[in-house]
Amino acid sequence: MRCSPDDLKVADGRVYLKDSPEYGVKIKDLATGYKYPNGNSVGGLIIGKGSHIVRHLTPLDPRTGFGKPGPQWGLGVQVVEIEYCPVNLTYRVLKAITVLDGGKIINPQLAIGQMRGGMYLGLSWASRESFTFDKKGKVLNPNFRGYDVIRASEAPEYIVDFVQSPLIDGPYGARGIGEYGVIGMAGLLQIAFRLQVKLT
Amino acid sequence: MISFDFEYASPQSIKEASETFQQFKRENKKAIYYAGGTEFISRARAGEIKADAIIDLKQVKECQQIGFANNQLVVGATRTLTDVEEGNFYPLLSDVIQHIAHRTARNKITIGGNLMSHLAYREAALPFLLADSTLEIATMDGNVRQVSIHDIFKQDLHLSEGEFIVQIMTDEKFLNMPHFHSKKTKQSKLNYPIVTLAALRVDEKIRVALSGAYPYPTRLLKLEKLMAAASKKFDGNIERVMKKLPTSIIDDMYASLEYRKFLLERSMIDMFQKLERMSS
């Protein structure tokens, strides 16, 4: 770049001259070492380091309920669609949908996978995963033959999308999206059953 | 992990298998016959069974036979469920087998192993019960005897000490008769059956067998007699059918007695609708 490091800016996936943005290199061409057209490489792997902590959290006051246990209120919507057979009283989950305000989504595939996994977990718990005990407290289903989980072939179609309103003090505007996929599934499955039974 | 040591023998013939068993017996060792291993391995790991020796029957030629001989379908006892399913010799048998466990397990589970399972289900027995199959049994002295499945399969398959199933023979005439099969589980297709119903229409008469509903697979002979004597169709008269069934329906963590009864009724209705309609 023929300049001092102070003259550079990193933004929009590039490193470029502050005063002449047309002179720049893509980050993806630098990340694992820069390669000149003649094959020579310089720089090596770029390793970054950073940390983030959520500020001002407090436990909830058990008396008043006041406090700040998390950085934000999650805002999202979830849907479960089932197919119900009134003759055999059986059902199938066809679709599970999550749309969530995730703030800035840094890694879309990871975020989608997180939501899908969450929906899977919620549906599997709600519909079948549980230990059964006998009167003496012995677990009757200590292995996966008896402890049923949703299998890949029985998984619904998962649909995931995000609204991205940045969290101002979040890293790059990201919001925490850990467990949101799970939350609505059990309730939604129950509502779906209730609606179906009412309809038929 | 299997927490005990055991010897392994792989005899090449019925005679050698029996001799091996006798030898272990003389040495005061508990030997058990072995084929696919799915049950032995999982139960040994769980500490539910122990043995000093296992005698693997998979190298015994007669146990591996599969195909037709003398107007009979012959299925060797150590043939895997996958072998039988893919051979598709007996469509009802293939149907029933396809719904046992999952493919990876079926690649290992054998027909003989399924008939001898300690579990209540043993669904592979149903098509053989319906077709009055014959079992060839090897005895401890190295001979074989043939016996009707009805004389030996009474809730459990009763073998004497040192005996093992060599093969199962089924008269060709039964193989392509109209049939019905339905398996109901608590949730997934892969789970143990709450009710598996298999039926065969033989000379206008319906034969019915069940697994999952009772602690053993069973043919419903009383019901069959009632149906054979009746002039009217049963589709729509399900209460009468249910009255003829054994009452010892299972009530466990997979399904309550009431739910099993409900699914049993549903399966019966579906069966009548399919098999009675065909005859009209």
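This is a predicted model: local features need pLDDT of at least 70, side-chain atom pairs count only at pLDDT 80 or more; totals for chains, interfaces and linings use all residues.
1. Chain B has an average pLDDT of 93, and 97% of its residues score at least 70. For the complex, the predictor reports an ipTM of 0.79 together with a pTM of 0.85.

2. Next, look at the annotated part of chain B. An unreviewed UniProt entry places the feature "domain: FAD-binding PCMH-type" at residues 1-205 of chain B. Over that span, 29% is helix and 29% is strand. Its end C-alpha atoms lie 50 Å apart.

3. Strand E6 (residues 134-138) pairs with E7(B) in the antiparallel sense, over 5 bridges. To see one pairing for yourself, pick out B:Ile137, whose bridge partner in E7(B) is B:Arg145.

4. Is strand E7 of chain B largely in the open or buried? Count the buried residues among the 5 in this strand (residues 144-148): the number is 0, so E7(B) lies largely in the open. The cut-off behind that count is that a buried residue has 20 or more other C-beta atoms within 10 Å of its own.

5. Finally, turn to where the chains meet. Here 9 residues of chain A are in contact with 6 residues of chain B. On the chain A side, the touching residues comprise 4 charged, 4 polar and 1 nonpolar.

Conventions. Residues are numbered from 1 along each chain as its sequence is written. Chains are lettered from A and ligands numbered from 1 in the order in which they are written. UniProt positions are given in the numbering used here, feature names are shortened, and annotations may be inferred rather than shown by experiment. Helices (H or I, at least four residues) and strands (E, at least two) are DSSP runs, numbered from the N terminus. Two residues are in contact if their C-beta atoms, placed from the backbone, lie within 7 Å. Ala, Val, Leu, Ile, Met, Phe, Trp, Tyr, Cys and Pro count as nonpolar, Asp, Glu, Lys and Arg as charged, and the others, Gly among them, as polar. A residue is buried if 20 or more other C-beta atoms lie within 10 Å of its own, exposed if 12 or fewer, and partly exposed in between; C-beta atoms are placed from the backbone. Two strands pair if DSSP finds at least two bridges between them. pLDDT is the predictor's confidence in each residue, from 0 to 100.
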